[in-house]
Amino acid sequence: RQGKLLHTDIIFLQQSDRQTQEAEKKIRELVSRFEIEAIAVGNGTGGRETEAFLRSLGLPASIPIVMVNESGASIYSASEAAREEFPDQDLTVRGAVSIGRRLMDPLAELVKLDPKSIGVGQYQHDVDQKALKRSLDDVVESCVNAVGVEVNTASRQLLSYVSGLGPQLAANIVAWRNENGPFKSRTELKKVPRLGPKAFEQCAGFLRIRDGKNPLDASAVHPESYPIVDQMARDLGCTVQDLMRDAELRAKIDLNRYITDKVGLPTLTDIMNELAKPGRDPREKFETFSFAEGINKIEDLKPGMRVPGIVTNVTAFGAFVDIGVHQDGLVHISQLSDQFVRNPADVVKVHQKVMVTVLEVDLPRRRIALSMKSSPEAGPARGAPRDRKAEAPRPRKSNWFTEALKAAKK
């Protein structure tokens, strides 16, 4: 549950029937022995075949089988962070662990990578690299602080992005935790070497301690505001836990009574929102996603098919969508919507689930043209036989798909 590696093994699916039966037996045994709660399958080569095999086993419906984007997993497996975590493991094992952890906590795992390695964006090599790194680091830091960090399970890489901390303080926190056991309260953070009052003031509100001595330690309420919450509880003749559990008690609080020179109404409102849902993860609820059955490789696609997909990248000329065939398809900007689109980012975002129609499949060049329009005109794949006599003459027009790919190469 904390993302630790418990066991490794190998199964063979595309070999003999005997090996496939052994794989089935092994998977069932592992699911039973480790009380598996979910299965993550990388979306790389052989991913769809592995997913189909797992679904054919008839495992309990309570165990979701999820395709996970493995972009950058190979880079992580050879990185210093991976060598530090798994010095005795093979590169393939490190990559598999990363894929599993991405399903558990994507943010905590992806911060170990250089954001450029995830393969999102355009023109990354054409801009000032120092400015790009600074901008990407700022975005990652804002994401980490918005979600919050469980200090007793967070890695050094994740902690280093918390406001007020850095690589050295993050390493000190992990070292203190390994030596003394889990933190029981936020105030124990002050015992960490070199973590002074200023750093504590900046980082404490973003660090979470579940099941700690103070229930507020699991929330986004800053320790500086604990006395305010304690006073609210005393005024109502209850405990802080009662205040967090009972909405009727919170409704009796008059926030104007607690306004001071240092604490204004906006801060008090934030405190009340946090008391209502302490430690709530601001990210959307996780939903399982399945690609279309029977479509595992590019040869299975035909123009006119309507299939589900996940946006993997958004560029100036359109969006790339993973439809489960190990080759992302391109939705050109002209095919993103029934309306005129000036900026693709206004219509789609990375990891968005979409329904697309296959327009064209170019097998020799392994290219797929897709559309998100409600009623697109799907043409035959390049090189497919046509009844020329049955077709009425039509004006020659430019191939937008080819033009878009030329622009991408530039």
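Reader: Which residue of β2 does A40 stand opposite?

Author: A40 stands opposite V66 in β2. Keep in mind that this is a predicted model.

Reader: How do you know that β1 and β2 pair, and in what sense?

Author: Two strands pair if there are at least two bridges between them. Strand β1, residues 39-42, and β2 have 4 bridges. They therefore count as paired. The sense is parallel.

Reader: What makes β1, α2 and β2 a unit with a hand?

Author: Helix α2 covers residues 47-55. Together with β1 and β2 it makes a β-α-β unit. Look with the strands pointing away from you: a clockwise path from the first strand over the helix to the second is called right-handed. This unit is right-handed.

Reader: Which residues of α2 are buried, and what do they pack against?

Author: G47, R48, E51, F53 and L54 are buried. The buried residues of α2 pack against α1, β1 and β2.

Reader: Which way do the residues of β2 point, and are they buried or exposed?

Author: I65 and M67 point one way from β2, which spans residues 65-68. V66 and V68 point the other way. All are buried. That term means under 20% relative accessible area.

Reader: Why is R194 called exposed?

Author: Its relative accessible area is 67%. Exposed means over 50%. R194 therefore passes the cut-off. R194 is found in the loop between α9 and α10. R194 has a positive phi of about 70°, although it is not a glycine.

Reader: And why is H351 called exposed?

Author: H351 has a relative accessible area of 51%. The cut-off is over 50%, so H351 counts as exposed. H351 is found in the loop between β7 and β8. Its phi is near 75°, a positive value in a residue other than glycine.

Reader: How many residues does the largest nonpolar core have, and which have the most contacts inside it?

Author: This core has 29 residues. V144, L159 and I173 have the most contacts inside it. Its largest share, 5 residues, comes from α9.

Reader: What is I173 in contact with, leaving aside its neighbours within four places in sequence?

Author: I173 is in contact with V151, L159, L165, F183, L189, V192 and L195. Contact means heavy atoms within 4.5 Å.

Reader: Which element gives the most to the lining of the second largest pocket?

Author: That is α5, with 11 residues. The lining has 50 residues, and I39, A40, A96, V97 and G100 lie nearest the centre of the pocket. About 2,300 Å³ of space lies in this pocket.

Technical notes: Residues are numbered from 1 along each chain as its sequence is written. This is a predicted model: local features need pLDDT of at least 70, side-chain atom pairs count only at pLDDT 80 or more; totals for chains, interfaces and linings use all residues. Side-chain values use heavy atoms; hydrogens and water are left out. Buried means under 20% relative accessible area, exposed over 50%, partly exposed in between (1.4 Å probe, protein chains only). Helices (H or I, at least four residues) and strands (E, at least two) are DSSP runs, numbered from the N terminus. A nonpolar core is a set of buried Ala, Val, Leu, Ile, Met, Phe, Trp, Tyr and Cys residues joined through side-chain atoms within 4.5 Å. On a 1 Å grid over the protein atoms alone, a cavity is a set of points where a 1.4 Å probe fits but cannot get out, and a pocket is an open set with protein on both sides within 12 Å along at least five of seven lines; lining residues have an atom within 4 Å of a point. Grid points are joined across faces, edges and corners, and a volume is the space filled by probe spheres set on the points.
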